[in-house]
Amino acid sequence: MEIERKFLMDGFPPLPTVSEALMLQGYLCCAPVVRIRSKETAGQTDYKLCFKGQGTLAREEIELPIDAQTFQRLSALLPAPFIRKEWKTYALENGLLLECSLVDGGTTNAFYYAEVEFESIEQAQVFVPPSYLGKEVTEDSSYSMNQYWQRTRL
């Protein structure tokens, strides 16, 4: 189960980073969501096949590791180009991580957004966002990456 809140941002926050990566993600299907993603960190690339159920704050998520060859074969099945994300994580209080992304940087569609994942719905509901986070878009499904991908790619 994935439990997360999402926010828009004006840029990356002025905090020390925990990790950074370049991600590519594309959608084989949007209902239900079937996504492939590569994540390049410090010269190493990991690949995942992900299935996501319906929902906003909480939804089922199943991520499976795949090898580079399988990723390439699945990439050939994508009906549109990948989303490119510059991804950074930051430590928050209570052991939480803030995951921030610049989506499709350098294009007219570029935007920043952030996610905070939680262990429980109750933890998510009592979370007080730091002041540098912008508008919350957790309950607005139009801000999901698969919706963005459909709007900008298909």
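Contact here means heavy atoms within 4.5 Å. In this predicted model, Phe118 meets that criterion with Ile3, Glu4, Arg5, Leu96, Gln123, Ala124 and Phe127, leaving aside its neighbours within four places in sequence. Phe118 also belongs to the largest nonpolar core, a set of 15 residues in which Leu98, Val116, Phe118 and Phe127 have the most contacts. Two or more residues of this core are supplied by each of strand S1 (2-9), strand S8 (97-103) and strand S9 (111-117). The largest share, 3 residues, comes from S1. In soluble globular proteins, nonpolar side chains tend to be buried together.

Glu115 is located in strand S9. Its relative accessibility is 12%, and Glu115 therefore counts as buried, the limit being under 20%. Not counting residues up to four places away in sequence, Glu115 touches Glu4, Arg5, Lys6, Leu97, Leu98 and Glu99. For one of these residues, Glu99, the C-alpha atom lies 5.2 Å from that of Glu115, although the two residues are 16 residues apart along the chain.

Lys52 is part of strand S4 (residues 44-52). With a relative accessible area of 9%, Lys52 is likewise buried, because this value is under 20%. A polar contact of 3.3 Å joins the side chain of Lys52 to the side chain of Glu61. When residues up to four places away in sequence are not counted, Lys52 touches Glu2, Pro32, Val33, Arg35, Arg59, Glu60 and Glu61.

Aromatic residues were considered next. A search of the whole structure returns 7 aromatic pairs. One of them is formed by Phe111 and Tyr148, with 5.2 Å centre to centre and 70 degrees between the planes. The arrangement is classed as edge-to-face because the angle is over 60 degrees. Phe111 belongs to strand S9 and Tyr148 to helix H3 (residues 145-153), so the pair ties together parts that are 37 residues apart in sequence. Tyr148 has a relative accessibility of 4% and is therefore assigned to the buried class. Elsewhere, Tyr47, Phe71 and Phe82 make up one aromatic cluster. A ring is also involved in an arrangement with a charged group: the charged end of Lys88 sits over the ring of Phe12, at 4.4 Å from the ring centre.

The cysteine residues were examined for disulfides, and a search of the whole structure finds 0. For Cys29, the nearest cysteine sulfur is that of Cys30, at 6.5 Å, and Cys29 is in no disulfide because the criterion requires two sulfur atoms within 2.5 Å. Cys29 is partly exposed, with a relative accessible area of 29%. Cys100 is also in no disulfide, the nearest cysteine sulfur being that of Cys50, 19 Å away. The relative accessible area of Cys100 is 0%, so Cys100 is buried.

Notes: Residues are numbered from 1 along each chain as its sequence is written. This is a predicted model: local features need pLDDT of at least 70, side-chain atom pairs count only at pLDDT 80 or more; totals for chains, interfaces and linings use all residues. Side-chain values use heavy atoms; hydrogens and water are left out. A nonpolar core is a set of buried Ala, Val, Leu, Ile, Met, Phe, Trp, Tyr and Cys residues joined through side-chain atoms within 4.5 Å. Buried means under 20% relative accessible area, exposed over 50%, partly exposed in between (1.4 Å probe, protein chains only). Helices (H or I, at least four residues) and strands (E, at least two) are DSSP runs, numbered from the N terminus. Rings of Phe, Tyr and Trp (its six-membered ring) pair if their centres lie within 6.5 Å; planes under 30 degrees apart count as stacked, over 60 as edge-to-face and the rest as tilted. A charge sits over a ring if NZ of Lys or CZ of Arg is within 6 Å of the ring centre and within 35 degrees of the ring normal. A polar contact is a pair of N or O atoms within 3.5 Å; within protein, one must be able to donate a hydrogen and the other to accept it, and residues adjacent in sequence count only if both atoms are side-chain atoms.
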